[in-house]
Structure formats: structure tokens, C-alpha cells
Amino acid sequence: MKSVAPTAPVGADHSGAAHEAAGGLAGLAGGLACIAIGLFVVRYASQHYTVGETARMGPGFFPVVLGWVLTGLGGLIALLSLRRAVQALEPPPWRPRALAAVLAAVVVFALLVERSGLVPATLALTLVATAAERPYRWRRSIVLGLALALLAWLIFTVGLQMTLPAFAFAWPFGG
């Protein structure tokens with residue numbers, strides 16, 4: 001009888017780097033949990049029991065020492081896991097077009113928000129920022145811009161009642 005090895009789901013990442021990074025992040029979370037539990041034990045035992053000294057230990061001495069040991073081990077686990085996760089990850093590729101598009105979008109928003117209003121400035125910000133995509137999709141960018149403009153208007157003008165006008169048409173570079 002022939003055994004069949006289980007297969008991974010379609011689209012699953014089989015690379016070692018992704019597995020190493022995921023393991024490192026899981027270890028980081030476990031280490032941080034150990035730190036939190038250890039510090040809780042130290043604080044609780046210190047406040048509710050007499051700790052004493054090394055020569056004359058009280059009932060809280062052993063829990064406090066164990067809490068500090070757990071905190072130290074958690075810190076070690078977290079640091080080693082973080083190092084492993086960072087080493088496994090590759091830096092993102094350098095994309096100057098994306099950087100330029102995002103910076104230009106912020107400048108366009110800053111120039112337009114007071115003179116044309118929140119809605120047009122948000123729409124312009126989205127259209128300029130999405131220029132980083134290849135290929136540029138006009139319809140998708142316009143729909144996203146309109147949705148974000150509506151959401152910004154609902155949050156800032158309606159919800160928070162900021163005195164930022166939705167529409168205020170004036171030439172953006174002059175009075």
C-alpha cells in the first residue's frame with residue numbers, strides 16, 4: 001500500500017524564509033507572554049506575601065524568584081525569536097516611483113485641503129498615491145478616492161464636527 005503525503009493548500013508559501021519568520025513571530029509572542037506573566041507573578045507575590053531575604057525567606061520569596069526567572073527566560077526567548085524573524089525576512093524592493101507618488105500625494109493634499117476642501121483634497125491624494133501602481137487603473141483609483149473622501153467627510157466633518165469644509169473652491173496657489 002502506497003502512502004500519500006498530505007499536500008499544502010493551493011497558494012501556500014513553501015519557502016523556508018516565510019516559515020522561519022512565522023516561527024520567529026510565534027516565539028516572540030510566546031516570549032512576550034512569559035514576560036507579562038512573570039512580571040504579574042512578581043508584582044502579585046510582592047504585594048500579597050512577605051518576601052523576606054535570602055537568609056530568612058518569607059512565603060513570597062519563591063514566587064518572586066520564579067517570576068523573575070520566567071521574565072528573564074521570556075526576554076531571552078523574545079530576543080532570539082525576534083532575531084530569527086528579522087534574519088528570515090528580506091527587505092522590500094526599492095521602488096522610487098512608489099516613494100515619489102506617496103510623497104507627492106501628501107504635498108498635493110496639504111496644498112488643496114484648505115483651499116478646495118476635504119473631499120477634493122482626499123480624492124486628489126488618492127489619485128496621486130495610486131499612481132505608484134503598475135499598471136495604473138483609473139476607474140479603481142477614482143472609486144477608491146470617492147470612497148475615502150466620503151469616509152473622511154463622515155469621520156471628520158460629521159462625526160468629529162471639525163470646522164474643515166467638505167468643499168471650498170479657490171485657486172490652490174493663491175488667495
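Modeller: Tyr136 first. Tyr136 is partly exposed, at 22% relative accessible area. This is a predicted model, by the way.

Biologist: And Trp138, what is its relative accessibility?

Modeller: Trp138 sits at 57%, and the cut-off for exposed is over 50%, so Trp138 counts as exposed.

Biologist: How many aromatic pairs are there in the whole structure?

Modeller: A search of the whole structure turns up two. One of them is Tyr136 with Trp138. Their ring centres are 4.8 Å apart.

Biologist: Which kind of pair is that, and why?

Modeller: Edge-to-face, because the ring planes of Tyr136 and Trp138 stand at 85°. Planes over 60 degrees apart get that label.

Biologist: Switching to charges. How many salt bridges does the structure hold?

Modeller: Two. Glu133 pairs with Arg137, with the closest N and O atoms 3.7 Å apart. Glu133 also meets the side chain of Arg140, at 3.6 Å from N to O. Shared partners join Glu133, Arg137 and Arg140 into one network.

Biologist: How exposed is Glu133?

Modeller: Glu133 is partly exposed, with a relative accessible area of 24%.

Biologist: And the arginines, what are the values for Arg137 and Arg140?

Modeller: Arg137 has 39% and is partly exposed. Arg140 has 48% and is partly exposed too. The cut-off for exposed is over 50%, so Arg140 at 48% stays in the partly exposed class.

Biologist: Okay, overall fold. How many helices and strands are in the chain?

Modeller: Five helices and zero strands. Along the sequence the pattern reads α-α-α-α-α.

Biologist: What share of the chain is buried?

Modeller: Of the 175 residues, 23% are buried. The chain's accessible surface is about 12,700 Å². Carbon and sulfur atoms account for 72% of that surface.

Biologist: Tell me about α4. Where is it, and what should it span?

Modeller: Helix α4 covers residues 118-129, which is twelve residues. At 1.5 Å a residue, α4 should span 16 Å. Its end C-alpha atoms are 16 Å apart, so the model agrees with that.

Biologist: Which residues of α4 are buried?

Modeller: Leu118, Val119, Pro120, Ala121, Thr122, Ala124 and Thr126.

Biologist: And what covers them?

Modeller: The cover for the buried residues of α4 includes α3 (96-116) and α5 (138-159).

Biologist: One more residue: Thr71. Which helix is it in?

Modeller: Thr71 lies in α2, residues 61-88.

Biologist: Is Thr71 buried or exposed?

Modeller: Buried, with a relative accessible area of 12%. The limit for buried is under 20%, so Thr71 at 12% qualifies.

Biologist: Which residues does it touch?

Modeller: Leaving out residues up to four places away in sequence, Thr71 touches Cys34, Ile35, Gly38 and Leu39.

Biologist: Last topic, confidence. What is the mean pLDDT of the chain?

Modeller: The mean is 82, and 82% of the residues reach 70 or more.

Biologist: Which helix has the lowest confidence, and which the highest?

Modeller: The lowest is α1, residues 16-48, at a mean of 82. The highest is α4, at 92.

Conventions. Residues are numbered from 1 along each chain as its sequence is written. This is a predicted model: local features need pLDDT of at least 70, side-chain atom pairs count only at pLDDT 80 or more; totals for chains, interfaces and linings use all residues. Side-chain values use heavy atoms; hydrogens and water are left out. Rings of Phe, Tyr and Trp (its six-membered ring) pair if their centres lie within 6.5 Å; planes under 30 degrees apart count as stacked, over 60 as edge-to-face and the rest as tilted. Buried means under 20% relative accessible area, exposed over 50%, partly exposed in between (1.4 Å probe, protein chains only). A salt bridge is a side-chain nitrogen of Lys or Arg within 4 Å of a carboxyl oxygen of Asp or Glu. Helices (H or I, at least four residues) and strands (E, at least two) are DSSP runs, numbered from the N terminus. Accessible areas come from the Shrake-Rupley method with a 1.4 Å probe; for residues, only the protein chains shown count as cover. The expected span of a helix is 1.5 Å times one less than its number of residues. Contact means heavy atoms within 4.5 Å. pLDDT is the predictor's confidence in each residue, from 0 to 100.
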